[in-house]
Amino acid sequence: MDAASPPVPKMAPPAQGGSAVARLKRAVADALPRAVLVRQGSPKRRRVALTFDDGPHALTDAYLDVLERFGARATFFVVGKSCGAHLPALRHAVARGHELAGHGFTHTAFPKLDAAALRDELDRTAALLPPARAGRRLVRPPTGATSLRSLALCARAGYTTVLWSRDSDDCRTTSPDDVAARLAPERVQAGDIVLLHESQTWTLAALPRVLEGLASAGLELRAGENVAHAASAALAHRALWASPSHRANMLRRDFDRLGVAVVRDGRGEVWAVETFASDLR
Ligand SMILES: [Zn+2]
């Protein structure tokens with residue numbers, strides 16, 4: 001966007017609860033280092049991080065097709081136990097430059113889990129996914145439920161908890177119009193981390209309008225770069241996802257063993273996957 005472009009209207013930050021508990025939680029969250037908790041990206045870049053929870057699913061490829069049409073990249077927070085049934089969709093997501101991260105193995109709220117069970121949820125899911133683009137793995141807790149204890153356990157296990165600054169509310173409606181209205185460009189700000197969900201036909205139906213609106217407002221739709229800044233083109237991790245019959249437990253090993261890898265799509269075309277240095281310290 002050049003200097004002559006008209007300014008994009010901005011709205012106030014999303015309304016947040018005003019109760020004493022909500023204020024206290026917010027104050028605590030704001031005080032935590034970004035290696036522990038991220039709720040919003042930098043407003044300095046005109047970028048929005050789209051995130052999709054609860055996949056993978058039979059509809060994942062259709063989501064990917066829409067994102068591809070608009071050149072948008074997103075972060076998919078996937079449920080570990082669903083991954084085995086949708087490995088091709090996960091491969092397609094990576095091949096198209098999207099980011100994968102965990103959303104628990106069984107989608108159980110993290111504060112309900114003891115330390116060992118939480119660690120198990122985190123690591124069993126991560127074992128199915130490519131290495132984190134950032135220096136640390138990202139995790140989106142199921143339903144966004146956190147406690148200081150669960151945040152600390154995730155951080156100690158090497159995971160950064162990622163919440164959101166803009167909820168599409170797409171799990172509280174079945175109307176594409178509602179979703180599109182919630183994410184109209186005047187309601188989304190640079191640096192927002194946007195929460196959406198997979199497996200929903202109305203979210204899928206709203207997506208073209210949402211992407212078109214945000215793009216027309218000059219907002220770039222990139223993967224977790226608001227979470228973990230894009231670095232130089234340094235390719236720290238790449239992966240070999242060559243064989244469609246790749247077993248899930250092979251994937252991680254290939255990444256680790258090769259250090260460098262090539263991502264191909266189903267037609268054998270090579271896709272470079274950007275990887276990003278982390279601003280999470
Ligand atoms: Zn979820």
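Tutor: We start with the helix, then follow the strands, the core and some loops.

This is a predicted model, in which local features need pLDDT of at least 70, side-chain atom pairs count only at pLDDT 80 or more, and totals for chains, interfaces and linings use all residues. Residues are numbered from 1 along each chain as its sequence is written.

The helix is α6, residues 148-156. Helices (H or I, at least four residues) and strands (E, at least two) are DSSP runs, numbered from the N terminus. Ser150, Leu151, Leu153 and Cys154 of α6 are buried. A residue is buried if 20 or more other C-beta atoms lie within 10 Å of its own, exposed if 12 or fewer, and partly exposed in between; the C-beta atoms are placed from the backbone. Where do these four sit around the helix? They cover an arc of only 165° around the axis, so they lie on the same side of α6. The arc is that of the directions from the helix axis to the C-beta atoms. An α-helix has 3.6 residues a turn, so residues three or four places apart point the same way.

What do the buried residues of α6 pack against? Their partners are β1 (37-38), α5 (115-126), β5 (137-139) and β6 (159-162). Contact here means that the C-beta atoms of two residues, placed from the backbone, lie within 7 Å.

Now look at the two ends of α6. The loop between β5 and α6 holds Thr143. Thr143 is not a glycine, yet its phi is positive, about 60°. Thr143 counts as partly exposed because 14 other C-beta atoms lie within 10 Å. After α6 comes Gly158, with a positive phi near 95°.

Next is β6. Tyr159 and Thr161 point one way from β6, Thr160 and Val162 point the other way, and all are buried. In a regular strand the side chains alternate between the two faces of the sheet.

Two strands pair if DSSP finds at least two bridges between them. β1 and β6 run parallel and are joined by two bridges. In that pairing, Val38 stands opposite Val162. β5 and β6 also pair in the parallel sense, over three bridges. There, Leu138 has Thr160 as its bridge partner.

The loop between β6 and β7 contains Ser165. Ser165 is buried, because 22 other C-beta atoms lie within 10 Å. Gln189 is 24 residues from Ser165 in sequence, and the two are 9.3 Å apart in space, C-alpha to C-alpha.

Now step back to the chain. The protein chain has nine helices and eleven strands. Of its 281 residues, 40% are buried. Among contacts with a separation of 6 or more, 78% join residues 24 or more positions apart.

The largest nonpolar core has 50 residues. Such a core is a set of buried Ala, Val, Leu, Ile, Met, Phe, Trp, Tyr and Cys residues joined through C-beta atoms within 7 Å. Leu50, Leu100, Val194 and Val210 touch the most other members. α8 gives the most to this core, with six residues. In soluble globular proteins, nonpolar side chains tend to be buried together.

β3 (residues 75-78) runs parallel to β4, and four bridges join the two.

Finally, return to α8, residues 201-216. The axes of α2 and α8 come within 10 Å and cross at roughly 5°. Axes are lines fitted to C-alpha atoms, for helices over the stretch in contact, and angles run from 0 to 180 degrees between N-to-C directions. The two helices are therefore roughly parallel to each other. Angles under 35 degrees count as roughly parallel, over 145 as roughly antiparallel, 65 to 115 as roughly perpendicular and the rest as oblique. Ala62, Tyr63 and Val66 of α2 meet Leu204, Leu207 and Pro208 of α8. Pro208 and Val66 are 142 residues apart along the chain, with their C-alpha atoms separated by 6.5 Å.
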